[in-house]
Amino acid sequence: VSLKMVYPLKPQQLIDALNDSFKPRLALPGRSSEGMQSFEEAMIQLAEGTCEAGDEYHFIYTPDGGFTVSAKKKGSDALTAPIKVDNADIQFAIFDTYLGANGIDAVSPSMKDDVLKHL
């Protein structure tokens with residue numbers, strides 16, 4: 001999942017917005033918000049003090065590498081070194097927020113449809 005900023009935010013504003021989407025997902029039976037602190041720390045590190053319009057944040061899962069976050073700051077052609085977020089509940093919350101598999105509305109129903117078309 002990639003998140004591209006369309007207007008500038010303070011890093012904490014981005015984290016608060018994501019947290020608002022994650023809360024109902026992390027409150028589901030068997031889920032926990034224990035990994036939020038490490039996720040927030042990774043996002044603050046990637047933001048480098050500001051989230052500018054054009055910045056991109058990438059949430060990537062691979063079977064070999066697990067779940068990582070990285071950024072491509074406006075004007076750069078390269079992703080930052082990935083930061084591992086070793087928490088299955090945070091991984092679940094991110095993907096469920098954007099793909100909406102648990103009866104909680106997805107942020108982007110069209111993205112969910114696009115992903116399902118290519119499986």
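**Overall fold, core and helix packing**

The secondary structure of the protein comprises four helices and four strands, where helices (H or I, at least four residues) and strands (E, at least two) are DSSP runs numbered from the N terminus. The model is a predicted one, in which local features need pLDDT of at least 70 and side-chain atom pairs count only at pLDDT 80 or more, whereas totals for chains, interfaces and linings use all residues. Residues are numbered from 1 along each chain as its sequence is written, and side-chain values use heavy atoms, with hydrogens and water left out.

Along the sequence, the elements follow the pattern β-α-α-β-β-β-α-α. Of the 119 residues in the protein, 38% are buried, a term that denotes under 20% relative accessible area, with exposed meaning over 50% and partly exposed in between (1.4 Å probe, protein chains only). The accessible surface of the protein amounts to about 7000 Å², and carbon and sulfur atoms account for 52% of this surface; the areas come from the Shrake-Rupley method with a 1.4 Å probe. Among contacts (heavy atoms within 4.5 Å) between residues at least 6 apart in sequence, 53% join residues at least 24 apart.

The largest nonpolar core contains 26 residues, and those touching the most other members are Leu-14, Phe-39, Met-43, Tyr-57, Phe-59 and Val-69. Such a core is a set of buried Ala, Val, Leu, Ile, Met, Phe, Trp, Tyr and Cys residues joined through side-chain atoms within 4.5 Å. Two or more residues of this core are given by each of α1 (11–26), α2 (36–47), β2 (56–62), β3 (66–72) and α3 (88–99). The most is given by α2, with six residues. When neighbours within four places in sequence are set aside, Met-43 is in contact with Leu-14, Ile-15, Leu-18, Tyr-57 and Phe-59.

Helices α1 and α3 pack at an angle of about 110°, their axes lying 9 Å apart; axes are lines fitted to C-alpha atoms, for helices over the stretch in contact, and angles run from 0 to 180 degrees between N-to-C directions. The two helices, α1 and α3, are therefore roughly perpendicular to each other, a class that covers 65 to 115 degrees. On the α1 side, the contact is made by Leu-18, Ser-21, Phe-22, Arg-25 and Leu-26, while the residues of α3 include Ile-90, Phe-92 and Tyr-98.

Asn-19 is also found in helix α1. This residue, Asn-19, is buried, with a relative accessible area of 18%. Not counting residues up to four places away in sequence, Asn-19 touches Met-36 and Glu-40.

Conventions:
Angles under 35 degrees count as roughly parallel, over 145 as roughly antiparallel, 65 to 115 as roughly perpendicular and the rest as oblique.
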